[in-house]
Amino acid sequence: VMLVLFFGIQFNNTPRTNFLWWWVYMFLGAFFGGGSLGLMLGVIAERLEDMGQLTPVFMIPLLVVAGYFSNVRTLLWPLYIISFISPLRWAFQGLILVEFQNRQRYVDSCNEKVEDGNGNDIIQKIPNSRANQCDPNTSYNFKNSEIWLNLVILLILNFGFRILAYIMFKLRYKERNAQMADAEEKVAKYSVFNKNKDNASL
């Protein structure tokens, strides 16, 4: 399916390593990252029904600060801080950097529509003085412009969410065991009380 998606949408496959980067980011961002968030939400939720309510509460803010809808640098400072813990941000940045590695190709093929003296629209190449505006990386203006660095941050976040989910699970498991022990103790005391009451009545 990923092969069909990559070549069907005609993603940038020059150099050939782009496909490997793209596959790694899709795997870590979509599958491994989604599983990491799912594990943490599964520990937080009391019931299976609560998962459906918690998922949008967690996912929508992470999606908003990912940089897809607006540049991360233009976000308000509270949202900008949240963006650092959003796996979607680092996956999106990595995929964009992979796609637009050959930025010079976009700069060379950048055209604009102008009007000639007769009122007709013509297409001409943008002058070199304004060619940088056709550079996708200039438009996105990512703080981390290295593909590997975004991948490392994405890995750290994914493993961090899994470790956090494990710690929360252990704490909740210990708390639940304590609650069950208290409940069993109360049942035992109630049984002894009823038994003594029955003996007294005899």
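Predicted model: local features only at pLDDT ≥ 70, side-chain atom pairs only at ≥ 80, totals over all residues.
Student: Is Phe84 buried, partly exposed or exposed?

Tutor: Phe84 sits in the loop between α4 (77-83) and α5 (87-99); helices here are DSSP runs of H or I, at least four residues, numbered from the N terminus. Buried means under 20% relative accessible area, exposed over 50%, and partly exposed in between, with a 1.4 Å probe and protein chains only. Phe84 has 33% relative accessibility, so call it partly exposed.

Student: How do the rings of Tyr68 and Phe69 pair?

Tutor: Rings of Phe, Tyr and Trp (its six-membered ring) pair if their centres lie within 6.5 Å; planes under 30 degrees apart are stacked, over 60 edge-to-face, the rest tilted. For Tyr68 and Phe69 the centres are 5.3 Å apart and the planes at 85 degrees, so the pair is edge-to-face.

Student: And which kind of aromatic pair do Phe84 and Trp90 form?

Tutor: Trp90 is buried, at 2% relative accessibility. With Phe84 it's 6.3 Å centre to centre and 45 degrees between the planes, and the pair is tilted.

Student: Which residue has its charged end over the ring of Phe84?

Tutor: A charge sits over a ring if NZ of Lys or CZ of Arg is within 6 Å of the ring centre and within 35 degrees of the ring normal. Here the charged end is 4.8 Å from the centre of the Phe84 ring, and it belongs to Arg89.

Definitions and conventions. Residues numbered from 1 in each chain as written. Heavy atoms only, no water. Helix = DSSP H or I, 4+ residues; strand = E, 2+ residues; numbered from the N terminus.
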